[in-house]
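Dear colleague,

I am passing on a structure that I would like you to look through when you have time. My notes on what was found in it follow directly below the structure itself.

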Amino acid sequence: MPGITVDGVVAEEVPSGVNSSPQNENLPAPKSTAASTMAASMQSETLEMHVEGSGAGEPSIEQLYNNVCEMESSSEGGSPSRESFGSDGEESRIDSELRHLVAGEMEAMKVIEEEEENGSVANVVPPAPAENGTQVKEQSSNSSKKSKKASKSQLESDASVGPNGKASTEEGESEVSKPASRVGRRRKSNANPQNGTEDAGLDNPDLGPFLLKHARDLIASENPRRALKYALRATKSFEKCAGGKPSLNLVMSLHVVAAIYCNLGKYEEAVPVLHRSLEIPVIEEGQEHALAKFSGCMQLGDTYGMLGQTALSLQWYASGLEIQKQTLGEQDPRVGETCRYLAEAHVQALQLDEAQRLCQIALDIHREHGETASLEETADRRLMGLICDTKGDHEAALEHLVMASMAMVANGQETGVASVDCSIGDIYLSLGRYDEAVFAYQKALTVFKTSKGENHATVASVFVRLADLYNKTGKLRESKSYCENALKIYQKPIPGTSLEEIATGLTDVSAIYETMNEHEQALKLLQKALKMYNNSAGQQSTIAGIEAQMGVLHYILGNYGESYDSFKSAIAKLRTCGEKKSAFFGIALNQMGLACVQRYSINEAAELFEEARTVLEQEYGPHHPDTLGVYSNLAGTYDAMGRLDEAIEILEYVVGMREEKLGTANPDVDDEKRRLGELLKEAGRVRSRKAKSLENLLETNPYTATKRNAVAA
C-alpha cells in the first residue's frame, strides 16, 4: 500500500499486487494520504506559531544560550555585568522566562546528545547542521570557548560514524564527554535524583514545539534516527504539558513519531503509537479534533498496508472516511479525494466492485464542484479506466481514458498524456486491436524518450509492453529484441530509479520469457527481482508472488526440492499478510501439494490439497475449473494413500461436472473418465449415475414443454 506523509515526513513504499503487470504502473501509487494534506497546515501553523514567531532578526537559540553561560560564569567570578549579544546597547538583564526557555531547550538537546554518546552503538548517528546556517558568535569568556570547542569536537567525532553504526575513536571524542561549561557541571549536579536529566524542563510549553521542529529539520536532512530522539522527547514534553487533557500538539507529535518509525522500516512500532494518537482527539470539541482523528485513521491504514495486513488497512481507511464525511459533509471535494484514495487501495486488494463504487462517488463529487476537465476529474477517470479494464469492460475503460487524455492535453500535461496512452494501448491489446495498440505505445515512447531520457525506467516499461504485444502476435524476434532493450536499462539504471520499479520490470520481462519456454532465463530474472526487495516488511505480498512463481519454474525444470522451498516461503508470507482466504493462496497451496507428491510426501500433499479445496470453494465455488483441478489432485492423493472410496467419490463428481461443462468428447473428460474407470475396476464397482425419469427429462427440455403446452391449449 500507500507511503506515508505526515507534515513533511515521508515513508514511501507502495504495496503492489501479487502478480505485477505493466498496466499497474498507471495506477497512481498512494504516496501520501489525504490526511497529510489537511493536517499539514494545522501542524505547520502550530509549529510556526511557537517556534518561528519571534522575529527573523533575533539571535539563534545557541547564541542566546552561550550568552546565558557567559553571564552566569562572569557573575560567579564577581565581574560586573556586560552587554549581552543583541541587547541593543542596554545594560545586560536576562529575565527568568528567557533564561528558562533558552536553558531548557538547550538542556534537552544536551541530554539527547549525551544519551547518544553513552547509549547503545546502534543509536549513534551524526548530528544535524545548525539551523538556518547560523553560527554562534564567538564570546570572550573561557566558558563559551570551552563550549564551542566541545561542540566542534562532537561534530567531528559524530561525522566519523562508520556505515556499520559504530563510532570511531578519534581525538575529539574525549573532549565531548567533558562538561561544556560550569553551567553544564552545575546542571548535572542539581538534576532531580529520581528522574535524572531526562525530565529536565519537560514542563516548558515552548520546549515541545522547538524539539519537534528540530526533528522535522533532521528528517529533511535525511537523519531519521536522530530525528526520532527529538520527536520522542517532544512527545514527552507535550504529554506533560497537556496534564491529561486532549492536546492536538501531542497528537501531531505522535503522528510524526509514527512516520519516522515507518521511514526507518519499523512499521510494527508505529502501530501502537498511532493507536494511542486516536485515543486523544475528542470529535465533539470541534473540526480540528475530528480531522486529527481522521489523519490518524488514514496513517494507521497506510501502516497496516505496508505490513501487508490488507483487511485492517481497509477497515481503518473506511473509519477515516466516515469521520471526514461527518465533519466536512458528504459532498466536500476533500471527501472525493479520500474516496479515490480508498478506491486505489481496493484495486490493489482486487476488490474491484467496491473500488468502482468509491471511484464513481469521487467522480460525481469532482464533476459537481470542479471545473470541466479538472485535474481531479482526470485522475478519477484514469482510475476508473483501470478498474473497468481489470473487470473486462474494455469499452467503458477506453471511454474514460480517452476523456482523461483530452483533458490532460487541454491542461498541457504531455507526460501524463503519454502515461494514459500506455493504458489505452493496454486496452487495445486486450481487444485484439494490435495496430492501434502499437501506435499508442510508440506515441508514448516518443514522449518519454524526449521528456525523461532514453535510459529512463519509464522507457523500459514501454519496451516491456511492446515485447508482450509482439509475443502475443507470434513475432518472437521483435519481442525478444524489446525485452533485451528493457533489460539494458534495468541493469544500468539512472540515478534516482527506485529498486521497486526495477524489480517490477524484471518480473514482467520474466513472464514474457516464461511464455517463450525460456524458463532458466525467467528464473534468473525473478531471483534478481527478489534480491532487490530484500525481504522488505512492506512488500511481503509481492515477494510471496515472486517466490510462488519461482516455485512454478523450479517445478517445470524438475527441481522439486527448490520448488517446495519456494512455495513454503511464499505460503508462510501469505499467511502472515492475512491473505489466507485469497484465490491466489489456494492456487499456491495446490502447487505446493504437487511438489510434495514429486517428493513422495503424500500425507503433506493431502493436507495441502484439502486446504486448497476449502479456499477455492469459498472464492470460486465448486464448479470452477481451478477447484475441479484441486479435486482431481486430491482424488489421486487419496488413491495413493489407500483411501479408495473417497477417491472414487471425488472423481465421480469431477467427471460429472466436466461432462456437463465441457461435453463428453473433450480430451480432459476422457482422461478423468479413464482414471475413474481404473479406480472402479480396482474396487470392483461400476460408475454410479443419478437416473432421471422421462418426466423430468421432458420438463427440462424447453422445446418439448412449449409444444406440450400449445397442444393442451
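The side chains of arginine 367 and aspartate 364 come together in a salt bridge, with 2.9 Å from N to O; the term stands for a side-chain nitrogen of Lys or Arg within 4 Å of a carboxyl oxygen of Asp or Glu. Both residues belong to helix α14 (residues 352-369), where they are three residues apart, about one turn of the helix; helices (H or I, at least four residues) are DSSP runs, numbered from the N terminus. Arginine 367 is partly exposed at a relative accessible area of 41%, and aspartate 364 is likewise partly exposed, at 35%, where buried means under 20% relative accessible area, exposed over 50% and partly exposed in between (1.4 Å probe, protein chains only).

Before going further, please keep in mind that this is a predicted model, in which local features need pLDDT of at least 70 and side-chain atom pairs count only at pLDDT 80 or more, while totals for chains, interfaces and linings use all residues. Residues are numbered from 1 along each chain as its sequence is written, and side-chain values use heavy atoms, with hydrogens and water left out.

In total the structure holds 17 salt bridges, and two others deserve a description here. Arginine 381 pairs with glutamate 377, their closest N and O atoms lying 3.3 Å apart, and both sit in helix α15 (residues 375-391), four residues apart, about one turn of the helix. Here arginine 381 is buried, with a relative accessible area of 7%, and glutamate 377 is also buried, at 10%.

The side chains of glutamate 611 and arginine 575 form a further salt bridge, at 3.0 Å from N to O. This pair links distant parts of the chain, since glutamate 611 is in helix α26 (residues 602-619) and arginine 575 in helix α24 (residues 560-576), 36 residues apart. Glutamate 611 counts as partly exposed at 27% relative accessibility, as does arginine 575 at 35%.

Turning to helix α17 (residues 414-430), its 17 residues reach 25 Å from the first C-alpha to the last, close to the 24 Å expected at 1.5 Å a residue, the expected span being 1.5 Å times one less than the number of residues. Because 14 of its 17 residues are buried, α17 is largely enclosed by the rest of the structure. Just after α17, glycine 432 takes a positive phi of about 80°.

With best regards

Methods: Helix = DSSP H or I, 4+ residues; strand = E, 2+ residues; numbered from the N terminus.
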